[in-house]
Amino acid sequence: MKLSIRHYTTSTTGILCVMLTVLCLLNSATVYSQVKENTQQGEQLTLKFNLMAGRQHFSPGNTYTNPFGESYTVEKFRFYITQVQLQDSSDMSVQFFPNDYFLIDAGDTSTQTITIPLSLKKITSISFLLGVDSVTNVSSVQTGALDPVNGMFWTWNTGYIMLKLQATSPAAQVPANQFTFDVGGYKQGENAARKIGFLLKHKHLIHSLTLNVDVDKLFNSVHPVKIAEHPMCHEPGPLAMQLADNYATMFSIGEMQ
Amino acid sequence: MKWISTICFCVFVIAAGIILVSSAEKTKQPTMLPFKIPQGWPKPVYDFSQNPVTKEGFELGRKLFYDGRLSRDGNFSCASCHQQFAAFATYDHNLSHGINNSFTRRNAPGLFNLAWQKEFMWDGGILHLDLQPLAPITDTLEMGETIENVLTRLRADTSYPRMFKEAFGSGTINTQRLTKALSQFLLMMVSDNSKYDRVMRGEDSFNLPERLGYEIFQKKCQSCHPPPFFTDFSYRNTGIPEDKYLNDIGRMRITHNPADSLKFKVPSLRNVQLTFPYGHDGRYYYLQDVLDHYRKNVVNSPTVDSLVRDNLPLSNYETGQLKAFMYALTDSSFTRDPRFAPPGYENRTPQAPAEHEHQYKY
């Protein structure tokens, strides 16, 4: 009887031993396959946002003149990018990143370059959303780029500010001459998110793409928006929609490598 | 054979050790606090799966709720305008005091049964309980602080990093965790033990005025103030004329729809005895003033609710009975609940005077 019990314990520990070994093997196998995957799909696309005002480089602290001859000194310029989509029309393959949000900030050059993993053989078109999708607007408090601490969130009227330009201008007849375009809105008829897309023509697979962003277009492209007439946009609505139509035209394709 | 069993024994000891250590780690897990849905009440709208309430999270939320350092000058906590003895409204104030001797623009509502509330503020502008605290913290007429400064202050504190770790598993302090902790505290504030509730549960009985008042209430008030929340959470214009200095258009500020002009959220009547003054701008001091508005002073305009248009017929007799019933909605076990008291004040929660209301006035 005593012997059989001992045999029993031995065999149990034996099984345990085997299981542990198997676990260890499994573990290393996963690690191995991950490494393999990474080396196979290690290609990346770097997207650079080149901020401009007409032909000038655009950054906070500097003074620019908009298409209406109104001069302004920039304090903040930020916008959200999400839903980046890459497409290869030759084999209809698509890469889509709906859950990656990027806050591009004129005051922080490190935010002006974003990298996304690349598995396509060729990129024939790229599209993205300027703004934040409506579902995320009404979800609870987010982290990272979407953290309300970034000052791109309306606390009194739930929703994201999709693009913010804060500046001073002698043309702005408001306290401290400070004018603000806080553009946002996700409800029907007030949705300020804009999908922006480009066809890309190149022979080889590119790994770097520059998007030129012309802030002049924010003031004047689809709708003329003069600082003197509209020094404040601070909620969703018609003015936000006009500015959104304008910022949808801000982008153009620059250098590809 | 012997060496095999020795090796196996060693492996066994190691494995047991690992299990023991991991279970010791498990004991560090926060303690779940069950959320009890009162009998007959609907399912909460708050998604508890995204923010399970724990003892540690609740206590962190409580500390934050009572901490003035969430405001710019350190003087204004959430509790400055949401006092437990007033069912978490501001006692005796039409508008609350904010930073730099400012006044808020609206009357602070009582805080309870928030797990069932989908939209917040008098105009419903805020769409999630977690997002709600960001409004008073950043409002220049309330706490006047930036979220960034609050987070910086909490990170530099001696006890907050430990409390965040206990509640959320790591010492990271960010907006999401700050607001989740506050929500955990706020969610547990369930007021379901007024005399009315005890009567409905068969544990108590109404006196004659209360019973008569309840009958009138069911006929004339309940369509907008239905139990168990005593609000239907809708937005209505009850014919309160616009204050020419506040210029508050209510719900229309959020929806931009002229049909929502001067509409405000129907307030809960639970603990209504303690949440005076009344109305979105607190212009009615006594309950009698509110009833007098409904029976004499409704100002008709295109968006005035059809239920109160041209006044609500109420006799002097009826207003008296209605008040008797509404006083039966006071939940003193809620306003004395030590769980919601300031940390360290559990056994000495301040109380409102028993009969603040000038019940003998009419």
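**Exercise 1.** Work out what share of the contacts in chain A with a separation of 6 or more comes from residues 24 or more positions apart.

*Solution.* Start with the term: two residues are in contact if their C-beta atoms, placed from the backbone, lie within 7 Å. Now take the contacts in chain A with a separation of 6 or more: residues 24 or more positions apart account for 74% of them.

A quick note before going on: this is a predicted model, where local features need pLDDT of at least 70 and side-chain atom pairs count only at pLDDT 80 or more, while totals for chains, interfaces and linings use all residues. Residues are numbered from 1 along each chain as its sequence is written, and chains are lettered from A and ligands numbered from 1 in the order in which they are written.

**Exercise 2.** Find which strands of chain A pair with β8(A).

*Solution.* First, the elements: chain A has four helices and 15 strands (DSSP runs numbered from the N terminus, H or I with at least four residues for helices, E with at least two for strands). Strands pair if DSSP finds at least two bridges between them.

Next, look at β4 (residues 71-88): five bridges tie this strand to β8 (residues 125-130), and the two run antiparallel. Here A:T82 sits opposite A:L129 of β8(A).

Then try β12 (residues 194-199), which β8(A) meets through six bridges, again in the antiparallel sense. In this pairing A:S127 faces A:G197 of β12(A).

**Exercise 3.** Decide how much of chain A is buried.

*Solution.* Call a residue buried if 20 or more other C-beta atoms, placed from the backbone, lie within 10 Å of its own. Chain A has 257 residues, and 31% of them are buried.

Definitions and conventions:
A residue is buried if 20 or more other C-beta atoms lie within 10 Å of its own, exposed if 12 or fewer, and partly exposed in between; C-beta atoms are placed from the backbone.
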